[in-house]
Amino acid sequence: MPNALPLSSGIGLKPQHYGDVLDAPKRARPGWVEVHPQNYFADGGPAHRWLGAIRSELSLSFHSVGLSLGSSDGCNVTQLERLADLCDRYQPASVSDHLSWSGNAHDQIPDLLPIAYTSASLNHFCEQISRVQDRLKQRILIENPSRMLSWRVDEMDEIAFFANLISKSGCGMLLDINNVIVSATNIGFCAADYVDAIPAEWIGEVHLAGHTTEFHDSGPLKIDDHGSPVGDECWELYARCIERVGPLPTLIEWDTDVPEFPALMRETDKADIVLAQVQFDRETPNARLA
């Protein structure tokens, strides 16, 4: 079984940062890196040579975007087999995908679309998670979605859906704090209440990212674009979560308008400060009273 991710911050690894990661002194590197495995489905080439070199130095997480677990036809078998081959090759410490669907038997849609929170979709999603976990021989994490809408046919809220999903399938949760804020604004619920309701044992990894906001007559619409620094609201909600559940592997996601490596590392430094403070407070509970 691969080792767990360290309780520190990591980055979503982009090709323009391959050399930066390897050339940086250890104290200036991220604690770990995460990639979309779909970008490495080719059998060989420069990307694999870089990833192999980085994997020899740092822990690795696979964040899949193509299994389409919520599709009515079931998960994408071709994607699953390629993912399994990559897991055998690189032994990632964590594998995750999304609470979404993105295709059917005939088409692949380049988006992560929301599913309805019904008993039928729950049972279907659990079946697909079991297929993936059985094939990979490890537990996977499922990320909470960023939503612009909810379904009229919903039978439960998102927290209840996750509770049943985790209980029935044995998966864990990838908690994306930014997605909570985006969905809370667009759909209308309290982001803090959502995060407070999540048991610590569910969470295997945390994601932080930026978003953009459009203003319409009907009110603000948040769009999860991963194209800017982590916002103040996201940092505050992250600190609230970590103070309650303890340090967790935390990823900085920045997928569009990707900055230079130093700017990305400044974001990881902010996360590490939160993680270190919580760890210090837990190890020395009376320090603030001294």
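Reader: What handedness does the crossing of helix 4 and helix 5 have, and what makes it so?

Author: In this predicted model, where local features need pLDDT of at least 70, side-chain atom pairs count only at pLDDT 80 or more, and totals for chains, interfaces and linings use all residues, the crossing of helix 4 and helix 5 is right-handed. A crossing takes that name if the near helix is turned clockwise from the far one by less than a right angle, and is left-handed if turned anticlockwise. Residues are numbered from 1 along each chain as its sequence is written, and side-chain values use heavy atoms, with hydrogens and water left out.

Reader: Which residues of helix 4 and helix 5 meet?

Author: Helix 4 contributes Ser121, Leu122, Phe125, Cys126, Ile129 and Gln133, which meet Phe161, Asn164, Leu165, Lys168 and Ser169 of helix 5, contact meaning heavy atoms within 4.5 Å. By class, this contact of helix 4 with helix 5 has six nonpolar, four polar and one charged residues, where Ala, Val, Leu, Ile, Met, Phe, Trp, Tyr, Cys and Pro count as nonpolar, Asp, Glu, Lys and Arg as charged, and the others, Gly among them, as polar.

Reader: How do helix 3 and helix 4 pack?

Author: Helix 3 and helix 4 pack at about 30°, with axes 10 Å apart, an angle that counts as roughly parallel. Val77, Leu80, Glu81, Leu83, Ala84 and Cys87 of helix 3 make the contact with Arg131, Val132, Arg135 and Leu136 of helix 4, and these residues divide into seven nonpolar, no polar and three charged. Helix 3 passes helix 4 in a right-handed crossing.

Reader: In what order do the eight strands close into a barrel, and what is their pairing?

Author: The order is 1-2-3-4-7-8-9-12, and the pairing is parallel. Neighbouring strands of this sheet are turned by 30° against each other on average, direction ignored. Strands, like helices, are DSSP runs numbered from the N terminus (E, at least two residues; for helices H or I, at least four).

Reader: How do you know that strand 1 and strand 12 pair?

Author: Two strands pair if DSSP finds at least two bridges between them, and strand 1 (residues 9-12) and strand 12 (residues 250-252) have three, in the parallel sense; the bridge partner of Ser9 in strand 12 is Thr250. Strand 1 also pairs with strand 2 (residues 32-35) over three bridges, again in the parallel sense, with Gly10 opposite Trp32.

Notes:
Axes fitted to C-alpha atoms, helices over the stretch in contact; angles between N-to-C directions.
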